Each structure stands twice: as C-alpha cells, then as structure tokens.
Amino acid sequence: MERKPTDVVTKTWSEEEERRVVRKLDCLLMPLLVLGFFALQLDRSNISNALTSTITEDLGVTRRDISGGNQLQLAGIIIAEIPANLLLQKVGSAPWLVIQCFCWGMVGMFQAFIHNRSSYFATRFLLGFFEAGYIPGSMLIMSLFYKRNEIGRRTAIFYFGNYFSAGTGSLIAAGVLRMSGLHGLAGWQWLFLIDGSATLIMCIAFLFLLPYSPLRTLPICRIKKLDFFSDEERHVMQSRVLLDDPSKGAKFSEMSVKSILRTLSTYNLWTHCFINLLGLVPKGGLQLYTPTVIRELGFDRTTANALASVPNYGVCVISFIVSYFSDRMGLRGPWCIFICAFPMVFSGVLFGLPSGTDRWTRYGIFTLLGSANGIVQTLNDAWLSSNAQSHQQRSIGLALCVIGSNLGGLAGQQLFQEEDAPRYTKAFIAILALYAGSMAMVGVQMGIYTWKNKRLSRENTTSEETTGEKENWRFQL
C-alpha cells in the first residue's frame, strides 16, 4: 500500500474553529476555482454557439470541419494532460494555473481573427493544449484543503463552473451574436473576443488571490495584505486534513519514468478512466449540438441558444443534491449508478417518441436528459480523489480521468449526424447504451474496492496483533 503515515497530529482546536476555517476556504478558494472552470468552459464550448452564427460561411468550412476542429481541441487536451500534471508538481499548482489561464485566454481571444480552415484547426488545438491540466490541478488543490467527506460536494460545486458556463454561455451568446456587424466584426468574432477576455481577467484574480497550500496561503503576487489566513488557521487547515488522511502530508515527489509507469499500472485508476470515457460520450455530443438540436425542433437562433442554457442549470441542481448525499453517506458507486440510470430513462423516451410529438414536449424531455448529462464525471472524480493513496496517484489518476472524459467527448462529436436529423433516434439509443456501459464499469469498480477493503482488514488485523495499533482508513465504495 502506498499510504504512509506522517508524524502524529493531535486535534487542539474546537469544532467551531474548524467550521470557521472551512467557511473561509469556501468563500475564497472555491469561487476562484469555479470561476476559472467557468472561463475554461466558456472558451471551450462557445464554438457550439458560434455554429449558429455565420462562422461556417465566413471561414468557408462545413459543419463536419467544425466538429473536426473541436476534436483537435480535445486531442490537444489528451496529449498534454499527463505532461501538464508533471509540470504542475514541479512549478506548483497556483503558478501553473496562472500560466494556463493566460495562455488559453490569449488563444481564445485571438480566435476572433482566424480567417480560414487551417487557422481554425490550429487555434482549436492550441486552446485544448493549454487547457490541459486545469481540472486535475484544481482538484489536487482541493484535496490539500478538504477532507474526504467534504470533497464530493466541493467537486460538484467546482463543476458548477463547467455547467453554469455552458448555460450562461448560451445566454451570453444569444446577446453577443446580435452584435454582428458592429465595427466590422461578425457575431462569432465578438463572442471569441469577449469570452477570451473573461479568461484573462480570471488570470489576474488567480495572481492576486489563489493560495499555494494550507501552510502557504500567501498568493503569487506576494502581497501580505491579500493573505487572509492567520498562523493558527493555517495550522488547523493542515492538521485537520492530515488527521483525515495522513498520506496528504507527504511532499510532492520527483516523478521518474519508473514511478510514473508504476502508478499507471494501478488498475483501479484505469477503471475510473473508463467510467468517464463511456459516461462522457453523450456529453460530448450534447455539448456541441444542443443549440442545433433545439433549433431543428423549430425554434429561431436566439431562442434556441437561450433554451440551450436550461439543461446546464438543471445539472447544477442535480449534481449538488447527489454529491451532498454521496458525502453524507460516504458512498460514491451507488450514486454513480443512479446518475447513469437517470439520463438512460429520458434517452429511451426520446428514442421512442412518435414523430408527431410537439416541439415543446420534445424540448422538455430533451432538457431532462441534459440535466443529468455527464454528472457521473463529477462523482467519479471525487471517488478517485478520495481513494487515492498518494499525491502521485491522485495527480496521474485525475489526469487519466480527464483523458477518459475527453476521449469520450471526442467520440461524442459523431453522435448527432445530419442524416439522423431532426429526430436523432440513432443518437438517443447510443446514449442509452453508453450510460449502461458506464454503469457496468461502476459495478466493476465497486467490486475492486470491496476486495481491497477485505484485504486491508486482514492486514490491519495482523498489524494490530503485532503493534497494537489499528488503521481505520478504508476505500470508499
């Protein structure tokens, strides 16, 4: 087992002091990470809104070319994900997130000046390349500040940045696309300029506010007045996490090729990766084509973009409720199964709806499908983070989960084909099958952790008989 005990930590603070520190963290750290994710998703997904503008005519590309560029973006994320996490551990999480925000913000903003298919492909790839590592880096920071029974809700809140951005992005696009022709720029150009500028603003916020770690809360700008934590609060932040999981006291180790390969051979990390891969294929298709699918129901462009925001707000509500009960019960797998079954029901309904069904009924069911779309990723990432036995496992494991998510998203670009429009029956039956596959992988993962817990019990019984000490840590199911 990779978990290694640190020096004994004794609790010397009250419950109220701890709650006060957690509230302070929730008011500083979580909004920063959520807004960073908001900016990332805004730059990543605004192509679906630009697709309802004149981008295809202005660049001389087809809808298939747009999908190809989006796939290149996901390929950039996949290629750079693990290298980005290795750099993150050398540079430090906070500086790395600042560098990332600046790079992808600049690329996102200058997409406004592309003029042909080649420049479109190049900027989409670079956007993905510079975005790689943000999600695992943010979750790694959260794991340093929060206990295992707190990480599920915080992960759900973190993903609010993703879902809220997708929803708000559609509302922003509905207004921004009306600026078409202003100062000689098309609506999609204004969209890229505004969304990229939002990312650069977040870069400045990270520079002045983001703490390094529980013991080093001074932000990168090194302005002491912007360090909002006292020495006593830093002690509570660090010690409470170590009491919960002593392995988090270990320093980030130098990652050799041998240690990376050893971590990659940890089979339960790959199971988490495959849960995301299967569960995120539907999200990849729906994220790109939701405004288009809604428009093909008979709504105009502006209304379609506005209506496309609703499922994303539904995801925020459902993901928080599910994560809350997951934390309270200390269970991840059963809730992952539930959140796979939920969208399966509505994809099956959409597949079986008669052709004469009115557009509002179709839209309502489509919205219910979208309201649970991809939530399995949130719970699965929290599950891995809670069960990781070292910083290295957590970092590389989360990188694998993001790679799985993006491979799923890459495949999902092919779900909604023009020849299947406007009912998309093939797409909805595929979504049903993919969530069933993800559910099966969750069952496998639960079996793996049950077996590991039985082995831990045997080892702990032997250790207790030898040393008199009992280890209470268990893998969460």
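This is a predicted model: local features need pLDDT of at least 70, side-chain atom pairs count only at pLDDT 80 or more; totals for chains, interfaces and linings use all residues.
Colleague: Let's start with the whole thing. What makes the radius of gyration agree with a compact globule?

Modeller: For 477 residues, a compact globule would have a radius of gyration near 23 Å, and the protein has 23 Å, so the two agree. Along the principal axes, the C-alpha trace spans about 70 × 50 × 45 Å.

Colleague: How much of the protein counts as buried?

Modeller: 58% of the 477 residues do. The accessible surface comes to about 18800 Å², and 64% of that belongs to carbon and sulfur atoms.

Colleague: What about charge? How many positive and negative side chains are there?

Modeller: There are 44 positive and 35 negative side chains, and the centres of the two sets lie 1 Å apart.

Colleague: Now the inside. Which residues have the most contacts within the largest nonpolar core?

Modeller: That core has 128 residues, and the ones with the most contacts inside it are Y134, Y146, F158, F206, L210 and F416. Helix α1, residues 15–50, gives the most to this core, with 14 residues.

Colleague: Pick one of those. What does L210 touch, leaving aside neighbours within four places in sequence?

Modeller: L210 is in contact with L29, L32, L33, A94, L97, I141, A205, P219 and I220.

Colleague: Next, S143. Why is S143 called buried?

Modeller: Buried means under 20% relative accessible area. S143 has 1% relative accessibility, so S143 counts as buried. You'll find S143 in helix α6, which covers residues 134–145. Beyond residues up to four places away in sequence, S143 touches I151, V241, K248, S385 and R394.

Colleague: How do you know whether S326 is buried or exposed?

Modeller: The cut-off for buried is under 20%, and S326 comes in at 0% relative accessibility, so S326 counts as buried. S326 is part of helix α13, residues 310–329. Setting aside residues up to four places away in sequence, its contacts are L331, R332, W335 and L379.

Colleague: And L88? What puts L88 in its class?

Modeller: L88 has a relative accessible area of 1%, so L88 is buried. L88 sits in helix α3, residues 63–91. Not counting residues up to four places away in sequence, L88 touches S93, W96, G133, G137 and L140. As for I339, that residue is 251 residues from L88 in sequence and 32 Å away in space, C-alpha to C-alpha.

Colleague: Let's go to the other end of the scale. Why is H183 called exposed?

Modeller: Exposed means over 50% relative accessible area. H183 has 69% relative accessibility, so H183 counts as exposed. Look for H183 in the loop between α7 (151–176) and α8 (187–209).

Colleague: Where is R222, then, and is R222 buried or exposed?

Modeller: R222 is in the loop between α8 and α9 (231–244). The relative accessible area of R222 is 57%, so R222 is exposed.

Colleague: Why is Y267 called partly exposed?

Modeller: Y267 has a relative accessible area of 43%, so Y267 is partly exposed. Y267 lies in helix α11, residues 267–295. Leaving aside neighbours within four places in sequence, Y267 is in contact with I448, W451 and K452.

Colleague: One last thing. What kind of peptide bond joins A421 and P422?

Modeller: A cis peptide bond, with omega at about 0 degrees. P422 is found in the loop between α17 (391–412) and α18 (425–467).

Key
Residues are numbered from 1 along each chain as its sequence is written. Side-chain values use heavy atoms; hydrogens and water are left out. A nonpolar core is a set of buried Ala, Val, Leu, Ile, Met, Phe, Trp, Tyr and Cys residues joined through side-chain atoms within 4.5 Å. Buried means under 20% relative accessible area, exposed over 50%, partly exposed in between (1.4 Å probe, protein chains only). Helices (H or I, at least four residues) and strands (E, at least two) are DSSP runs, numbered from the N terminus. Contact means heavy atoms within 4.5 Å. The radius of gyration is taken over C-alpha atoms; the globule rule is 2.2 Å times the number of residues to the power 0.38. Accessible areas come from the Shrake-Rupley method with a 1.4 Å probe; for residues, only the protein chains shown count as cover. Lys and Arg count as positive and Asp and Glu as negative; His and the chain ends are not counted. The place of a charge is taken as NZ of Lys, CZ of Arg, CG of Asp or CD of Glu.
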